[in-house]
Amino acid sequence: MPMARPSGSPRGPRQDKHLFDTEYSLRSRLLISLANDLAALGGELFELDIPRMAFIGNQSAGKSSLVEAATGIAAPRDSGTCTRCPMQCTIMRGAGPWSCTITLRFLYDDKGNPLKGDKEVSFPTIYDPKDVEIWLRRAQAAILMPRANSLDFYNKSREELKGMQADMIPFSWNKVEVLVRDPDGADLSFVDLPDDFENQGAFELATQADPEGLRTIGVGTKPDMLTPGNTSGLDKWKDILEGTTSNLRHGYYSVKLPSDKEREEGHSRSELEKREKNFFGSTEPWKSLDNQSRLGMRNFVENTSRLLIGLIENNLPSIKKRVDKLLAKDTRLLSRLPELFTADNPIAVILIRVAAFGKTLQATIDGTQRKDFVRENRFRYDTFMDEIKATAPLLQWSGARPAAPPTPLSFAQSITNLTPLGPIYVADVQETIRAHRTWELPSYVPFEATKEIILQHIEHWEDPLTRIFNDISENTLDLVRSLVHEPEYFGRFAELISFVETVIGQEATALQAQVSELLKKKFYMENSSPLSTANLERFNQERTAWLHRIYGNGSQPLYSDEHKVMADVHAYFQIASARFIDVVILCIEQEWHKKLAVQLEGSLIEKIAPLPLETLNLLLSEDPKVSKERNNLTTRITNLTKIKARLSEYEAQTREEAWGTDLDGLN
């Protein structure tokens, strides 16, 4: 029977003869009631340390009989339903007639997941102990058939309940609560655990939960099974009960439970208690024990009741502290959630947010807001410029070509395959000129030779062009997605986010395809005939400067054909590469960025304007995740507030009790 760590020592029944009239009796009832209320308000879900006794035992160990003896009610024995769900039993001593209330408490769904709020179903109050057994069967069947209406079980007979077992779930964490008000009982609360726990072995389970034996009480339920001839067994139990060899801090008890025959004979509780007392008073080794408080059901119930009451009382400060901590945390989390949103004119609300979104996107592209975006793009443009410049011809105006030169490619080959970039020697240029010479006069150099060398380098611009647009456009779409999810624009509304992202995705994909095609055209213009520039002044400057590096600035020398070709290639590449870099950057900024900002806003307005009111309201509905979190936090705060109020109520009750005691002392 695992328990939380208790304090105090067992007391005999004579010391508690007038327990009902004592201050302790009132306090115990208040504490038991408080513990039950805290559990009902979600103490388990909040992991509050509410002490509770749990009855565990292997099959046929007498656990059901122990429950009956503790509560005075008959537990179902042959239906099988009682072994598949927990049963919480509470006994409270009080004035008035004996009564029993059975309640179903649903804390978990069919899959064992905690429910948002627990559900209670109360059965009619019972005033005759003989009627409890059938009502327990009905309650347990209802727990194991959660989809059925609990009222359907009110009139079911034992036979009907047995026939329904095939439709019942094999196990349930939901529980049946039994509250017994007994003028002659002791205040006690415990949980009768189902057989699924017992499959591990009661002692093994108790050891796992309480390896040092600080919170476990052992109960021997069949003392009459020890015959006088079993001297070793008798001596062992005597040593255990007297604490000589007990490995449990709170030791063991022994109880003599009624046999099946005695239950069938219908003896009263007082008669059964008398028979148990006579057994222990006349049978060895029980009658010779020095500490008789370890024998009998009454001693067990009243002593464990005191133990439980002490535990609950000792744990109240830590429970209160945890409730305050959880309540402060959940309140803080709730305050961080956006307030619930309502709109009388949803289309106006949405269009205002669209306009604000478009304005911020345009300002970011222009570099007047969120300037990191433009800085990142400019850094990427610089990388693109370096990649293009890295394809410049490496013209070697002097020096011999290394051995084993590569086979020169024809012009036809150069436009279909990328030529590896490398140094270009005078001999390479001579071979290229020779490859293109047909019927020209000896003093003429075929233009096709110059063109081939230039295009062999320009063709390497396509890959950097593809990468730059992919990187810039992805960075832009990251910005757009980030803006969409900001609460200032659409971020508070999951449905609106989904709608906006769909529209943006369609527009962005179409515009990307258009700009990509345009950039390809810009590349093909550079990578094909004619090779031309209107900037002849710079062309001549670059050409002359290159030749002067070879021949000096003196009188007009006689330039070689190969050097003239090299100078033309150098000059044209400088102009064409700079022109291409500028065109690509301007094209991306104008055709992609500028148009994207305008088209996204226009397309959103066009798609939103004709939507019906119902759809507009749906777009402004709260994010389900936020709504779920808000509901969960609100439910938790509500229950924690109720728990805190219940704890305050108990403190007020104990103050009234203390005040009444003081007045009695004065009188």
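**View 1. Largest nonpolar core of the predicted model.** Among its 72 residues, Phe357, Leu361, Phe490, Ile588 and Trp592 touch the most other members. A nonpolar core here is a set of buried Ala, Val, Leu, Ile, Met, Phe, Trp, Tyr and Cys residues joined through side-chain atoms within 4.5 Å. Buried means under 20% relative accessible area, exposed over 50%, partly exposed in between (1.4 Å probe, protein chains only). Helix 19 (residues 561-608) gives the most to this core, 20 residues. Helices are DSSP runs of H or I, at least four residues, numbered from the N terminus. Apart from this core lies another, of 67 residues, including Val132, Tyr253, Leu316 and Leu326.

The model is predicted: local features need pLDDT of at least 70, side-chain atom pairs count only at pLDDT 80 or more, and totals for chains, interfaces and linings use all residues. Residues are numbered from 1 along each chain as its sequence is written, and side-chain values use heavy atoms, leaving out hydrogens and water.

**View 2. Surroundings of Ile588.** Ile588 touches Tyr381, Ile468, Phe469, Ile472, Leu519 and His593, not counting residues up to four places away in sequence. Contact means heavy atoms within 4.5 Å.

**View 3. Helix 16 against helix 19.** Helix 16 (residues 462-484) packs on helix 19 at about 25 degrees, axes 11 Å apart. The pair is therefore roughly parallel (angles under 35 degrees). Their crossing is right-handed. Among the meeting residues are Leu465 and Val480 in helix 16, and Phe580 and Leu600 in helix 19.

View 4. Cys89 is buried at 1% relative accessibility. Cys587 is buried too, at 6%.

Technical notes
Helices (H or I, at least four residues) and strands (E, at least two) are DSSP runs, numbered from the N terminus. Axes are lines fitted to C-alpha atoms, for helices over the stretch in contact, and angles run from 0 to 180 degrees between N-to-C directions. Angles under 35 degrees count as roughly parallel, over 145 as roughly antiparallel, 65 to 115 as roughly perpendicular and the rest as oblique. A crossing is left-handed if the near helix is turned anticlockwise from the far one by less than a right angle, and right-handed if clockwise.
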